[in-house]
Each structure stands twice: as C-alpha cells, then as structure tokens.
Amino acid sequence: MSTILFNRITLIGIGLIGSSIARDIKALGLAHEVVISTRSEATLKRAEELGLGDRYTVSAAEAVRDADLIIVSVPVGSSGTVAEQIAPNLKPGAILTDVGSTKASVIAQMAPHVPEGVHFIPGHPLAGTEKSGPDAGFAGLFRGRWCIFTPLPETDETALGKLRDFWIALGSRIDEMDPQHHDKVLAIVSHLPHIIAYNIVGTADDLETVTESEVIKYSASGFRDFTRLAASDPTMWRDVCLHNKDAILEMLARFSEDLAYLQRAIRWGEGDKLFELFARTRTIRRSIVQAGQDVDAPDFGRHALDK
C-alpha cells in the first residue's frame, strides 16, 4: 500500500483515463477522498455503481471545493470551459493538472483562468486503449508507461514534486518537455498513426461491396490492427486534430512526401529501395519492445481470444 499523498482528489471526466486513475487511487490508497464529476448523469451513475469515488456530482465547480489535486480528463477542446467553471472554487495551494494529448492548446485555454496561488501543471500520461467510458478503465493502466509534464516557467518545484510522486505511485515513468516540442513528438508517434488508421478504414468503408464481405471476413491481416486505432473515441480525436493542427499538418506533409517516394519505388520496380526502407523500419518495432513499451508476443496477445 502506498502512503496517502492528497487528502482530497477531484477527477473531472471519468472515461478510460479518469476511471483508471480512480481505480489506482483506491487500490493504492493515495487519497482520503475521491470526488468525481462528469456532465452526463448516466455516466456519473455508472461511475457510482462501479464504486470509483466517494462523492459524485455533475457540477465541476462544486467538485473542486477543498480539493488538493484536480485532474481534468476531458476532450482537449473542453479544457478551457472546465477551467473557467472551476476557477472560483479552486483553493490556494491546490494542484491543477490535465491528461490531454495536446499541450500548447490546453495551456492557452486553461492558464488564463487559473487563480493566483493555484499550481497549474499540464500533463499527459501516454497510456490508453481504443475503449472509452468508465467501464473501460482498469488498475495498472499507467504501469511502466510515460507521463510527460509540460510545466510553465513559474511552476512551483514543490508542487511539481508532489505531482511527480503521484504519477510514480501509479507506476509511471516521468519526463518533462516544452509544450510545442511535446505536440510535435505526439503528432508523429500518436496523432498521425490514428489519422492514417481512420483514413484507411474509411477508404475500406467507401468500398461498400468489398467491406460487407471480404474486408471483414479476411481482417486477420494488417487491416484488423488499423481498425483497433480507428475505434478510438471520435470526440477526443476530433479535438486533437483541431487543437494540434500545425504539428499534425507538418507531419502529414512529411508523410505524403515519403509516401510518394515509396510509390515511385513500387512503380519503377526499385526493389533495393523497398528493401532498405522495410529493413530500416523493422528495427523500430524491436526498439519499442526493448524499451518495455510493448511485448513481443507473436500474436500480439490475441491468444487470449481462444480462452
């Protein structure tokens, strides 16, 4: 059991990430009280049925009263609205953080509303699945995964240390980045792969005569892996695209150039170029496994389906 780090923690948003945090707080004993807030009455009721918190309310402003740590886990496009709603009730000394996949936009939306004396420390745990909602979360989601902070220049080191201790207790590795650098890195390692997956699956869906038979029937190949990414929450990814627009467009342009190179190599039968590319990129997968960010199971863990 971990020691209690905060008296009261408020979770605003209780989807995959929020509910996983809630489960870990309970399992590890990191707080005396967990308050959960979400706009949807149905979602809030489900969170209560699952026993994810101690108090529940649809009012974000009410939820943050006397909270020592507030974690905002909503689509990034709603970050500013939430910050504006809760600002009057944030107590001095409280730590306010988020879990958004874009950081420059979240800071621009939230920072103007944060009262003096409240420690705003933007964050981003790099963990998740394609599932969403309070039932999707599970304890241990963040174990061995990175959590990136993008602290502001005036960030209090003591507050930063407390937030760091919290995520370490959840099993995370910690790193810090400049917000713009974070957004560029995530554009290539997360945002672009999801956009490509959405596009590929959308293209298959446009070919209706094929989609209803062969594509679904034979999806044991690479197409199935794209559908997992493309099953992610559409609201979240709409907001990511709109709020990390510049970095994503830059990566899309680079990807388009590289795709044109590959297209030419295939058209002209340049096998040496194809082999060089495939051999070079193959090592990336090995590096990810060696870094502990995935497992090298030959079936990507699908053997579980046999059970």
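Predicted model: local features only at pLDDT ≥ 70, side-chain atom pairs only at ≥ 80, totals over all residues.

Residues are numbered from 1 along each chain as its sequence is written, and side-chain values use heavy atoms, with hydrogens and water left out.

Three strands make an open, mixed sheet in the order 7-8-9. Strands here are DSSP runs of E, at least two residues, and helices are runs of H or I, at least four residues, both numbered from the N terminus; two strands pair if DSSP finds at least two bridges between them. At the edges sit strand 7 (123-125) and strand 9 (173-176), each pairing on one side only. Strand 7 runs antiparallel to strand 8 (residues 146-149), and three bridges join them. P125 stands opposite C147 in strand 8.

**The rings.** Rings of Phe, Tyr and Trp (its six-membered ring) pair if their centres lie within 6.5 Å; planes under 30 degrees apart are stacked, over 60 edge-to-face, and the rest tilted. Here are two edge-to-face pairs:

| Pair | Centre to centre | Between the planes |
|---|---|---|
| F6 and F166 | 6.2 Å | 70° |
| F142 and W167 | 5.2 Å | 85° |

F6 in strand 1 and F166 in helix 6 are 160 residues apart. F142, in the loop between strand 7 and strand 8, is 25 residues from W167 in helix 6. Ring pairs link F6, F142, F166 and W167 into a cluster.

Buried or exposed? Buried means under 20% relative accessible area, exposed over 50%, partly exposed in between (1.4 Å probe, protein chains only). F6 and F166 are both buried. F142 counts as buried because its relative accessibility is 0%, and W167 is buried too, at 1%.
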